[in-house]
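Here is a briefing on one protein chain. Look through the sequence and the model first, then read the notes below.

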Amino acid sequence: MHDLGGKQGFGRVKYPSAPHDEKWRPLVRALLAFAAESGICNMDEFRHAIERMAPQHYISAPYFERHLTAIATLLVEKGIVTRQELESLAGGPFPLSGPLGPGRLVSAPESFAIGETVRVKNEFVSGHIRVPAYIRGKTGTIVHISPATPFPDAAAHNMRAKAEPTYDVRYRSHDLWSDASDEALHHVAVFQSYLEKVAVTAISTGG
């Protein structure tokens, strides 16, 4: 739930005074690695399965419980296990994520260069989107370009996704959260299709 960035009312992050003794967590990580490497799911499908959790469950669940819920959901959706089998092994209800909605494809996105000023499109879609809400409509500067990877809005829905680069876009924290943050530089990796060029207005110096 990357849209939580900049939200108010949650208070400071609380750190446990002692490490948790949860030996099941490495198994969850192993299940995710096996599912991804075996082609059962991709990382965008996995992230979207977490996003599809019931809001109350997501907010209250520990980090690795979210991972477990997402993996179990994908295994059920892909016909590898059944919910009844999971509940039989768990000895009770096994919560899964909500149903998969529609994804989207994009066509011919424009490319950008390091040093260019760009704006994040103010888009909201019903399916997976890998751009946090707090930068939508905001303007920043490109400082790095990463190799192309599948467009997540399509890949998360098991659609044929085109590969496109992500751009490291630098923002001033004050431009994102006004007076609610200390002044700093904030970097976000943004897929090409989420960005648009910012028109530069020529300034006349006179004759």
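Which residues are linked with Arg104 in a network of salt bridges? Glu123 and Asp153 are linked with Arg104 in that network. A salt bridge here is a side-chain nitrogen of Lys or Arg within 4 Å of a carboxyl oxygen of Asp or Glu.

The model is predicted: local features need pLDDT of at least 70, side-chain atom pairs count only at pLDDT 80 or more, and totals for chains, interfaces and linings use all residues. Residues are numbered from 1 along each chain as its sequence is written, and side-chain values use heavy atoms, with hydrogens and water left out.

**Overall make-up**

- The protein has seven helices and five strands. These are DSSP runs (helices H or I, at least four residues; strands E, at least two), numbered from the N terminus.
- From the N terminus on, the order of elements is α-α-α-α-α-β-β-α-β-α-β-β.
- Of the 207 residues, 31% are buried. Buried means under 20% relative accessible area, exposed means over 50%, and partly exposed lies in between (1.4 Å probe, protein chains only).
- Among contacts between residues at least 6 apart in sequence, 63% join residues at least 24 apart. A contact means heavy atoms within 4.5 Å.

**Nonpolar cores**

- A nonpolar core is a set of buried Ala, Val, Leu, Ile, Met, Phe, Trp, Tyr and Cys residues joined through side-chain atoms within 4.5 Å.
- The largest core holds 18 residues. Ile135, Val169, Tyr171, Val190, Tyr194 and Leu195 touch the most other members.
- Strands E1 (117-120), E3 (163-172) and E4 (185-191) each give two or more residues to this core.
- A second, separate core has 15 residues, including Val28, Met53, Ala61 and Ala70.
- Leaving out residues up to four places away in sequence, Val190 touches Ile135, Pro165, Thr166, Tyr167, Val169, Tyr171 and Leu195.
- In soluble globular proteins, nonpolar side chains tend to be buried together.

**Salt bridges across the chain**

- The count comes to ten salt bridges.
- Asp153 and Arg104 pair at 2.8 Å, N to O. Asp153 lies in helix H6 (residues 152-155), while Arg104 lies in the loop between helix H5 (83-90) and E1. The two are 49 residues apart and link distant parts of the chain.
- Both Asp153 and Arg104 are buried.
- Arg119 pairs with Glu196, with the closest N and O atoms 3.5 Å apart. This bridge joins strand E1 to strand E5 (residues 195-197), across 77 residues.
- Arg119 is partly exposed at 28% relative accessibility. Glu196 is partly exposed too, at 27%.

**Helix H2 and Arg47**

- Arg47 sits in helix H2 (residues 43-51). Its relative accessible area of 27% makes Arg47 partly exposed.
- Asp44 forms a salt bridge with Arg47, with the closest N and O atoms 3.4 Å apart. Both lie in H2, three residues apart, about one turn of the helix.
- An α-helix has 3.6 residues a turn, so residues three or four places apart point the same way.
- Asp44 counts as buried, at 11% relative accessibility.
- Arg47 also touches His128 and Arg130, not counting residues up to four places away in sequence.

**Helix H4 and Thr69**

- Helix H4 covers residues 63-77 and holds Thr69.
- The 15 residues of H4 should span 21 Å, and the end C-alpha atoms are 22 Å apart, which agrees. The expected span is 1.5 Å times one less than the number of residues.
- Buried residues of H4 include Phe64, Arg66, His67 and Leu75. Their cover includes helix H1 (25-37), H2, helix H3 (55-60) and H5.
- Thr69 is buried, because its relative accessibility is 3%.
- Thr69 touches Met53, His57, Pro95, Leu96 and Ser97, not counting residues up to four places away in sequence.
- Just after H4, Gly79 takes a positive phi of about 75 degrees.
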